Amino acid sequence: MKVPFNIEFSLKRSIRAIATAVCAVVLTSGAAFAQDGAGETESKLMVGFKAGFNISDVRASGATDFFSVQEGGGKQIAPQIHVFGRYSFTKWISTDLELGWTQNSFNMYSNQTSTFRVNNFQANALLNVRIPVLSVYHPRLYIGPSYNYNAYVYERITGPSATGIGNVDYTQEVTSLFNPHDFGVVVGTGLQFDVKFATLLVDARYRHGFSKAVNTQGYKTNILSSVNKIHLSDVAFMVGLGFSL
């Protein structure tokens, strides 16, 4: 099975562009703030879904910088999808519970290339704060704990064969090489647009994994044996729909 993602672009430039767009929304809408609040009503409960992709990073040893180039590792793109429920305490503060599936993918290199794809069931509990400006975009910031349950991992190995004759290209399951539990934190920003039948959501976030991803047993002959410990993090971009109840 050939990995279909072969896209190259600057992560720093993408995040900087999103931050600039959010700031522009805040600045241009601030002049109308005095008119806010007179007739606006919002439902306290919203349910919906979000889908998109993430750019995963494997951080070796004690490294914490997502954008640093790790020796022997590389970032990959993978999909994710969530359903969510939101309860609004006020029109400015709400809490979101997200449940979904996230795939994290990364490369490791020796004389061959190993592409790992880690399939997780994910649960996030987020504090969601609306930026207090008048805007049809309703810009928001959020933060909260995140939990991944590692359900299935496979590794695709490509490159020259061990005998030096020809190339290899095969896939194998390596779920047991990874720890099943990964605790982390999610921080992000988003915009939401009111449309006739729902609310359109645009979401950019960073998840920082704290748990050691690789199991300490059973990988003596695997490429992961060269790694002291690794953590998984990702930058994600999603769009979705929310429905008020």
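1. A residue is called buried when its relative accessible area is under 20%, exposed when that area is over 50%, and partly exposed in between (1.4 Å probe, protein chains only). Asn-128 has a relative accessibility of 2%, and therefore counts as buried.

2. The structure is a predicted model, in which local features need pLDDT of at least 70 and side-chain atom pairs count only at pLDDT 80 or more, while totals for chains, interfaces and linings use all residues. Residues are numbered from 1 along each chain as its sequence is written, and side-chain values use heavy atoms, with hydrogens and water left out.

3. On confidence, the term pLDDT denotes the predictor's confidence in each residue, from 0 to 100. The protein chain has an average pLDDT of 79, and 72% of the residues score at least 70. Helices (H or I, at least four residues) and strands (E, at least two) are DSSP runs numbered from the N terminus. Confidence is lowest in helix H1 (residues 11-29), with a mean of 50, and highest in strand E8 (residues 199-209), at 95. The pLDDT is below 50 over residues 25-40, a stretch with 21 contacts in the model beyond near neighbours in sequence; here contact means heavy atoms within 4.5 Å. Residues 66-72 also have pLDDT below 50, with 22 contacts beyond near neighbours in sequence.

4. The surroundings of Asn-128 deserve attention. This residue is placed in strand E4. Its side chain makes a polar contact with the side chain of Asp-96, at 3.1 Å. A polar contact is a pair of N or O atoms within 3.5 Å; within protein, one must be able to donate a hydrogen and the other to accept it, and residues adjacent in sequence count only if both atoms are side-chain atoms. Leaving out residues up to four places away in sequence, Asn-128 touches several residues, including Arg-86, Trp-92, Asp-96 and Tyr-142.

5. Strands E3 and E4 pair in the antiparallel sense over 17 bridges, where pairing requires that DSSP finds at least two bridges between two strands. The two strands form a hairpin with three residues between them. Trp-101 has Phe-121 in E4 as its bridge partner.

6. A nonpolar core is a set of buried Ala, Val, Leu, Ile, Met, Phe, Trp, Tyr and Cys residues joined through side-chain atoms within 4.5 Å. The largest core has 13 residues, and among those that touch the most other members are Phe-106, Phe-116, Val-118 and Phe-178. Strands E3 (93-109), E4 (113-130) and E9 (230-244) each give two or more residues to this core. Another core, of five residues, lies apart from it and includes Ile-77 and Phe-237.

7. Which residues do ring pairs link into a cluster? They are Phe-106, Phe-116 and Phe-178. Rings of Phe, Tyr and Trp (its six-membered ring) pair if their centres lie within 6.5 Å; planes under 30 degrees apart count as stacked, over 60 as edge-to-face and the rest as tilted.

8. The whole structure contains eight aromatic pairs. One of them, Phe-53 with Phe-237, is tilted, at 5.6 Å centre to centre and 40° between the planes. This pair links distant parts of the chain, with Phe-53 in strand E1 (residues 45-60) and Phe-237 in strand E9, 184 residues apart. Phe-53 is partly exposed, at 33% relative accessibility, whereas Phe-237 is buried, at 15%.
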